[in-house]
Amino acid sequence: MTALLARTDRVRVAGQRQQTTATANFRLMVMMLLFIFVTGIVGARLLWLAIASDGPQALATPRGLVPDRGDIVDRNGMPLATTIDAWSIAVHPNKIIGDPALLAYRLAELMPQKTEAQYLAILTSPKKFAYLSRRAVPELVKAVNGLGEPAIEFRREPERLYPQASLAAHVLGWIDQNGNAASGMEKVLDARLSDPAQRERPVALSIDSRVQAAMETELSAAMTKHSAIGATGLVLDVDTGEIVAMSSLPSFNPNRTGNVPYELLLNKAVSNVYELGSTFKMLTMANAIESGVVTSMGKRYDATHALAVGGFHIRDDHPQNRWLNAPELLVHSSNIATARIADELGPRRTQAFFRKVGFGDPVDIEVGGRARPLWPKYWARTTTMTVAYGHGIAVTPLHLASAYAALVNGGVWRPATLLKREGAAVPAGRRVISPATSDRMRQLMRLVVMKGTGRKADAPGLRIGGKTGTAEKPNAGGYDRNTNVSTFAAVFPMDKPRYVVIAMLDSPKGTADTFGFTTAAWTAGPVISRVVQRIGPMLGIRPDDRADVDESELLPLLWEPKGANPNAAE
């Protein structure tokens, strides 16, 4: 009996072991099935990502690293506009727990951009949401958070940052607080910079930030010295049409545009038109040579006295009171002799040439706000004569820069651009003068700086050429004889032209060292000299006293009376 009970216990224990083993196997199988299921889901997800994504390129630039808006850089890769995460401080007025009056007082202490009364009006308004500050620095966020008001909210939002502050502000434009492109290249490139497929790659402008800084610095110094109300500067590549620098003063900081007057936001280089005075004489001379009106540099024109046309008299600011040949006409900036050449050209050929160099239309450039030139409605004989030396027609400084580029680059006009051009991207352009005429214009421009009104624009070894231009500003009664626009249009180096440089001062005042003169020779000319000396080495052009334009053919044609002061003219 005892033996039977022992066997029964063994059977019961064996059954329990089998049951435990079965349970363990079942659990193991469930775990394996779960593992296979989860692995299948992960694998399916990875397969879907591989199919739906852009492959290796997408993996190389994770979504979190792609900016909300693409960067803008200068031609050398220097950041000009970028997007960062910034703080904004907002409030839900309907959820305020504390005392609104006390909160308004403390907010005004921390953020004095608004008054205590203005903050109180916001806090007690029926609105559900209102911004208190945008683009707030972390220190301000910490201080406002310390007020302990639960209704105040802190948000992270993308902010457009211009790390170079006001540098090239009119070129870049700006983004408003709602993220909308307001002007400049920001607006031109808006679609490109916002495109998710392209915004990871920065857009390179033609601007060189080093050259831009030099131009802005020298223009600003001249503007201050001469108490001018404005100034404009340009550096343009004569072969590609790329704008290496474009300055409009006074400027603004695109990081803070809230209270900037509208006038300061205008880009004077493309939005304002001016009578640019005697800088037009080079254009008239090129037209006359190309048209066969000036057949010889030795051909002379009567500048012995004022030229009477009807009831109008054309005079020279620095009269020579003698007959002048073609080089002397430009060296001494004679209105009278230029008017006689224009009279031979006539209105049809004068208009046709000005249209060839783009003066009949708004300047060809990407940015908006381009002004249309003020073109004479009726071309009388006097109109043709005065337009020849830059009176009675108004264009932008960029119009002038593009025209001068065509005069010296072999005779081809090209549209200007603020985008970096390389190789095949350079347009063919249109021919406006022959290479031979272009060669002659290089000689004449260099001669003006060597011997004429442009002497103060010269820089040792950098072979600058160009032309002065001083024009009285128009007013309601005609012209203001005491206020002018002073412009110098320069090119360097003249033996192998690379860049046009324009410097313009609006309403400059005379100083002791200019002997009271406000003409371009005394005000804009020195700006050119300083700018070129600074930017030449940056652009790979080093001073060389051994290289220059061959003037041996023209120098014998010049005669200058003793005691003459060529810089007193334009």
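Let's start at Lys225, a partly exposed residue whose relative accessible area is 42%. Keep in mind as you look around that this is a predicted model. The side chain of Lys225 forms a salt bridge with that of Asp513, with N and O 2.7 Å apart. Because Lys225 sits in helix α9 while Asp513 belongs to the loop between β16 (499–506) and α18, this pair ties together parts that lie 288 residues apart in sequence. Asp513 is partly exposed too, at 45% relative accessible area.

Along the way, the helix bends by about 25 degrees at Val532. Just after α18 comes Gly540, which takes a positive phi of about 80 degrees.

How many of the residues of α18 are buried? The count is 14 of the 19, so the helix is largely enclosed by the rest of the structure. Arg530 is partly exposed, however, with a relative accessible area of 34%.

Arg530 also brings us back to α9. Its side chain meets that of Glu218 in a salt bridge, at 2.9 Å from N to O. Since Arg530 lies in α18 and Glu218 in α9 (residues 209–225), the pair ties together parts 312 residues apart in sequence. Glu218 counts as buried, because its relative accessibility is 11% and the cut-off for buried is under 20%.

Next, follow the chain into the segment after α18, where Asp548 is found. Which residue does Asp548 meet in a salt bridge? The partner is Arg446, with 3.0 Å from N to O. Arg446 lies in helix α17 (residues 435–451), so this contact ties together parts that are 102 residues apart in sequence. Arg446 is buried, with a relative accessible area of 7%, whereas Asp548 is partly exposed at 35%.

Salt bridges can also share partners, and here they join Arg69, Arg160, Glu186 and Asp190 into one network. To put these pairs in context, the structure holds 22 salt bridges, among them the pairing of Arg530 with Glu218.

Conventions:
Residues are numbered from 1 along each chain as its sequence is written. This is a predicted model: local features need pLDDT of at least 70, side-chain atom pairs count only at pLDDT 80 or more; totals for chains, interfaces and linings use all residues. Side-chain values use heavy atoms; hydrogens and water are left out. The bend at a residue is the angle between axes fitted to the seven residues ending there and the seven starting there. Helices (H or I, at least four residues) and strands (E, at least two) are DSSP runs, numbered from the N terminus. Buried means under 20% relative accessible area, exposed over 50%, partly exposed in between (1.4 Å probe, protein chains only). A salt bridge is a side-chain nitrogen of Lys or Arg within 4 Å of a carboxyl oxygen of Asp or Glu.
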